Amino acid sequence: MLTSSRPQVDHWRAFRDRVRDAGRDERANLLATASAQVRRDVLTMIERAGLGHVGGDFSVTDILVTLYAAVLSVEPAEPDWPDRDRLILSKGHSAAALYATLASCGYFPATELATFMAPLSALNGHPDRTKVPGVETNTGPLGHGLPVGVGTALAARLRGSSARTVVILGDGELQEGSNWEAAMYAAHQQLGSLTAVIDRNGLQQGARTEDTNALEPLADKWRSFGWTVAEVDGHDHAALADVFSASTPDRPTAVIAHTQKGHGVSFMTDRVEWHHRVPTGEELALARAELSR
Amino acid sequence: MIESTNLRPADRTMYDCRKAFADELATLARADERIVAVCNDSVSSSNLAAFRDEFPDRLVNVGIAEQNMVGVASGLANGGLLPFVCAAAPFLTGRALEQIKADIAYADRHVVLCGMSPGVAYGQLGPTHHSIEDLSWLRAIANLPIVVPADPTQTRAAMRWAVSTEGPSYLRIPRSPVPELFAPDTPLEPGRFVPLTDGDDVTLVAAGTLVWRAVEAASLLRIEGISARVLAAPFVEPLDEAAVIAAARETRGIVTVEEATVSGGLGAAVAGVAARYCPTRVRVLGIPGVFAPTGDVEFLLEHFGLTATGIADSARSVLADAGR
């Protein structure tokens, strides 16, 4: 099990306070800067490992950064704090983006990112909660996160805690039926503390979701299951922060975050082949240049 | 009846272990407010009505949705609760196998998975409802102790063990009727068989609903001058390797007995240990690689040679092969 990095925790706390005190535009700028750093870290991790899911990492980065820097009540120095908010990354193949974000909060030293997928590293290609502080459950196979999130939100209510639970789902992952079992039950239980964020990048591993097993009308599906639905630009940090601050007391909320796979690097954006391609040579240099602007 | 400190005096009143399960669950829940029951519309078949009435807020009934049920249990544990997941064994283990692997065992959650009515308990309802594969499926998963109680006493002991031990476990709760077999203070330890009779001709290793039939088989053999060592195997995982090795050394053959497929369950585990450390004849009794025909529990057990006389026949056959 990795342990927290105190200086980084202090830095993250100061950053979080700046984000919270800032006006809307300044908040967006601060979060965009943090997201660019996470994307650069992800690129380096994938380059070293020679493996990874850069497309889905980049589509979910702005969501993760906004949640950890502006929304979630967590304590990276005490990751098992019982009343913490829980974030569950159901699309576990985007582990690199999660690890880079957790490291930026000080859950573990950023130097560990260099071990991503190396032999015996804690940082497996899919998250393992028994090794990485801040990881709430072990994901990788799709369709697991929402049921675990429903149980987590139920436990908080049974214990009288106001902690919230956020589950980030890939859109292609919604083809797994277990999500809809969980969606029915969350609404039945009136779990207002539960938020499902759908990283709606429109692509799955092999093709567009709409060409594989179409999800639309997606918002209507969630509404018909009894959820409150919000739609947002998943790369607009200020809009994301706004949408996450709203909730309905007796209904779970589905945030459909419209994103692009590979967002942040022009030649990766909305291209299915970047689901798990590894950039090399000139591509890396170009990607770094774009992420440093 | 053969005498053993672990055996109760012979009494053939038969019990459905789900009653002991329900009583013990309520007792445990009164003492430990973390305990919640999670089920899949199985309040009646898991005998949870009294629990629901006493602890209405602590029964999580997800409806007919086993993958969600196991995921929800993992989440409840994440939130500091201690879930007992109660569902018919075939659907708990089959439908939610990947959730059991990823959300419970790999994630190392203190969740007690309770497979109700395993084996051929559902008799005439057919192979879709028989849970004969659960032991094989779950033995392949790391970090998941498998407990197969043989009577009401051992059912209660297994539940207390699962509460007191951090991490996941699978309890296989019998529905097929069994007598009270074990003395109340019989110890239950991971990786330990419970010796029921001494013997140096043949060893019978049995789990769950068939343990009492193995004891009866030993009585039948004793009349013929064959001494059978009977070992109850409450833990299929971790297995009592030392007891298997001793049996292989000290008797001339082993017969394993379980209400499950012969592919990958208790018998396969015992045979594997014997083959590795002390090769001997091992006869694996169970459901032999087929889907069961239509019939009630007693018919099916007789059909597959899983009665006392069938087990005794197999013991004689092992000894004949060994050159007795």
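User: Which domains does the assignment give for chain B?
Analyst: This is a predicted model: local features need pLDDT of at least 70, side-chain atom pairs count only at pLDDT 80 or more, and totals for chains, interfaces and linings use all residues. Residues are numbered from 1 along each chain as written, chains are lettered from A, and side-chain values use heavy atoms, without hydrogens and water. Domain bounds come from an automatic or database domain assignment. For chain B, that gives domain 1 (14-179) and domain 2 (194-322).

User: How many residues does each domain of chain B bring to the contact?
Analyst: The C-alpha centres of the two domains of chain B lie 26 Å apart. Contact means heavy atoms within 4.5 Å. Domain 1 of chain B supplies 30 residues and domain 2 of chain B supplies 30 residues.

User: Which residues in domain 1 of chain B lose the most area to domain 2 of chain B?
Analyst: Buried area is the accessible area (1.4 Å probe) that two parts lose on being put together, summed over both. The two domains of chain B bury about 2300 Å², 68% of it on carbon and sulfur atoms. On the side of domain 1 of chain B, 26% of the buried area falls to three residues together: Val120(B), Ile132(B) and Arg139(B).

User: How many salt bridges does the rule find across the interface of domain 1 and domain 2 of chain B?
Analyst: The rule asks for a side-chain nitrogen of Lys or Arg within 4 Å of a carboxyl oxygen of Asp or Glu. Across this interface of chain B, the count is zero.
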